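Visitor: Could you walk me through the charged pairs in this one? I have the sequence and the model up.

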Amino acid sequence: MKRSWVLNALLLSACATPRTTPHPPPDMVVRYTDLALDTSAGRNELVERVDRAARDFCDAYDPQDETAIFDPHLASARYCPGYAILLFMNKAPASVRRAYREGVGNK
């Protein structure tokens, strides 16, 4: 009987420990204010910066981090760069999205 009481106490204490609320992955940051997005060279540089930032983001993303919200798209080495770019473009101004699309189309 004493063993089951100790086991129950251990189980209850494990349930009572506070867990941190998972947070979303950090935002991908790309600086583009110094680029002339109306020129081919500016759009190509934007594509390079976004692609580099996506690679860096995916290298830093840790799917084993228990404090972060798990995202299967980001956890996959195959899909992470494209998905990270998609997340960035969802928050980017329309002019940046348009310039990126045009820059990718030129390659």
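Visitor: Is D34 buried or exposed?

Guide: D34 counts as exposed, because its relative accessibility is 55%, where exposed means over 50% relative accessible area, buried means under 20% and partly exposed is in between, using a 1.4 Å probe and protein chains only. This is a predicted model, in which local features need pLDDT of at least 70 and side-chain atom pairs count only at pLDDT 80 or more, while totals for chains, interfaces and linings use all residues. Residues are numbered from 1 along each chain as its sequence is written, and side-chain values use heavy atoms, with hydrogens and water left out.

Visitor: Which residue does D34 form a salt bridge with?

Guide: D34 pairs with R49, the closest N and O atoms being 2.8 Å apart; a salt bridge here is a side-chain nitrogen of Lys or Arg within 4 Å of a carboxyl oxygen of Asp or Glu. D34 lies in the loop between helix 1 (2-16) and helix 2 (40-60) and R49 in helix 2, so the pair ties together parts 15 residues apart in sequence. Helices are DSSP runs of H or I with at least four residues, numbered from the N terminus.

Visitor: And R49, buried or exposed?

Guide: R49 is buried, at 18% relative accessibility.

Visitor: What does E45 do with R49?

Guide: Their side chains meet in a salt bridge of 3.1 Å, N to O, and both residues lie in helix 2, four residues apart, about one turn of the helix. Through shared partners, D34, E45 and R49 are joined into one network.

Visitor: How many salt bridges are there in the whole structure?

Guide: The search finds three, and one of them links R43 with E102 at 3.6 Å between the closest N and O atoms.

How values were computed. Helices (H or I, at least four residues) and strands (E, at least two) are DSSP runs, numbered from the N terminus.
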